[in-house]
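Here's a quick look at a few spots in this fold, with the cut-offs spelled out as we go.

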Amino acid sequence: GEGSSETACSCRPSPVADKANKSIIHSTTMKVSKRTMTALVSALMLGSGAIGMAKADCGFGFDNSCADDDHVQVGVWLCEDMDSCDCQPNVGCSNGYYRDYLLDPNEPNNNVACDTLGGWRPDDEGYSGAFGAWINGAHVEVHPADYGKLGDYAGNVKAKIGMGDYCTGPQYWDVGLSAWDDDNDQPGDWWFDDAIQVKSVRPYVDFEQMWGSEPAPGVGVKMNVWPDRHMSIPYDQATDVPNLPDGSIQKPEDQVWCLDGSGAGFPYGGVWWGGWGEHYPQVPAGSILFGLYDGGVAPRDGCDTSRSDYCNSVDQDNTCLGVRLYQNGDNVIPSSWDDDFVAETYIKMRDLCDDSYTACINTTDGSEDDEAGICTDNAFTKPDGTPFYNDDGSAQLWFTNYIVQVVPNCDWF
């Protein structure tokens with residue numbers, strides 16, 4: 001469904017899944033050379049099952065785009081050193097981590113994508129080595145054959161370079177890196193003042209710029225749920241992996257909203273919604289990531305308050321993100337924040353505004369796991385205040401509904 005912003009009422013806006021590595025993008029990462037890069041693009045499109053008819057002899061360096069009539073082909077090169085990346089207009093770069101996307105310039109609801117760069121675990125199918133790489137610049141380009149689909153201006157496509165998991169947390173700039181450099185009249189070569197450690201890329205069509213769409217009021221908030229502790233497995237949303245104790249599958253899933261950052265509607269504000277995925281309406285959650293998010297939700301790129309502006313204005317120690325998880329039946333929405341709930345957590349905005357902090361929480365205690373320390377333990381508590389746990393020792397907290405909202409005056413913890 002479309003994203004909606006919070007209002008100070010008992011409204012229940014529907015979430016938007018931020019479709020990381022799903023149908024509207026196909027991405028890969030390789031350290032590429034000029035002699036292999038264009039052949040790689042063609043091979044990817046032929047084998048990916050991505051949207052559109054695959055075409056031979058297409059991509060950067062060829063006359064033809066690999067996108068169909070309803071999409072545009074976008075390339076992003078993440079450069080450890082811009083000098084040696086050797087980027088050329090309409091061809092791309094000789095070196096660097098290459099990511100390839102097909103974006104829809106006509107349907108804003110499809111404009112929600114986050115490239116997780118394959119994560120950090122070498123045994124994940126999408127692993128590429130790009131996650132966590134230190135880069136000092138990026139090249140962003142639209143295939144010239146697709147300019148007409150963007151009003152003849154490639155700068156309507158942008159990419160945000162994220163330093164946090166799943167496009168949460170700090171971006172290099174609040175605004176995206178444009179696929180067109182107006183000053184030099186060429187595709188975008190963007191040099192950074194300092195090297196950054198990249199963890200995600202958010203490519204998008206800027207409908208605010210292209211169509212004059214208005215951003216929604218509020219600050220962007222994102223929730224990403226994994227079926228096991230420590231943001232696993234897999235890290236991204238691309239593959240079907242038997243990842244539950246009974247051998248069944250649950251893909252990671254995420255939701256994004258624009259919320260009233262003051263918490264003026266508490267306890268009736270925020271977003272109220274139900275489950276998803278392979279076990280609908282049940283969601284098996286082993287770990288959950290929360291973050292402030294500049295990527296926004298359709299039909300615009302962003303909410304009207306950026307993460308940095310919000311963090312500079314909010315009372316960080318006295319404002320929290322409150323989360324309650326409920327176990328109800330099919331299609332039963334909580335009638336009140338204070339309905340019987342399974343577990344809850346509160347995160348101070350001080351933590352969500354901290355560029356060095358990752359607000360990932362295991363739903364059960366993972367302190368003895370091999371990957372202990374990736375996510376916080378014992379922060380989800382039962383109604384009596386004790387940490388959530390399962391009598392059988394299983395990792396998953398199963399819920400059917402959630403309420404996520406900003407809580408004011410939360411200096412009580």
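D189 sits in strand β8 (strands are DSSP E runs of at least two residues, numbered from the N terminus). This is a predicted model, where local features need pLDDT of at least 70, side-chain atom pairs count only at pLDDT 80 or more, and totals for chains, interfaces and linings use all residues. Residues are numbered from 1 along each chain as its sequence is written, and side-chain values use heavy atoms, leaving out hydrogens and water.

Skipping residues up to four places away in sequence, D189 touches M82, C87, A138 and H139, with contact meaning heavy atoms within 4.5 Å. The side chains of D189 and H139 also make a polar contact at 2.5 Å (N or O atoms within 3.5 Å, one able to donate a hydrogen and the other to accept it; residues adjacent in sequence count only if both atoms are side-chain atoms). W77 is 112 residues from D189 along the chain, with 9.5 Å between their C-alpha atoms.

The largest nonpolar core has 39 residues, and F192 is among those touching the most other members. Such a core joins buried Ala, Val, Leu, Ile, Met, Phe, Trp, Tyr and Cys residues through side-chain atoms within 4.5 Å. β8 (188-197) is one of the elements giving it two or more residues.

| Strand | Bridges to β20 | Direction |
|---|---|---|
| β12 (residues 271-274) | 4 bridges | antiparallel |
| β16 (residues 319-326) | 8 bridges | antiparallel |

Key
Buried < 20%, exposed > 50% of the residue type's maximum accessible area, 1.4 Å probe, protein only. Pairing = 2+ DSSP bridges.
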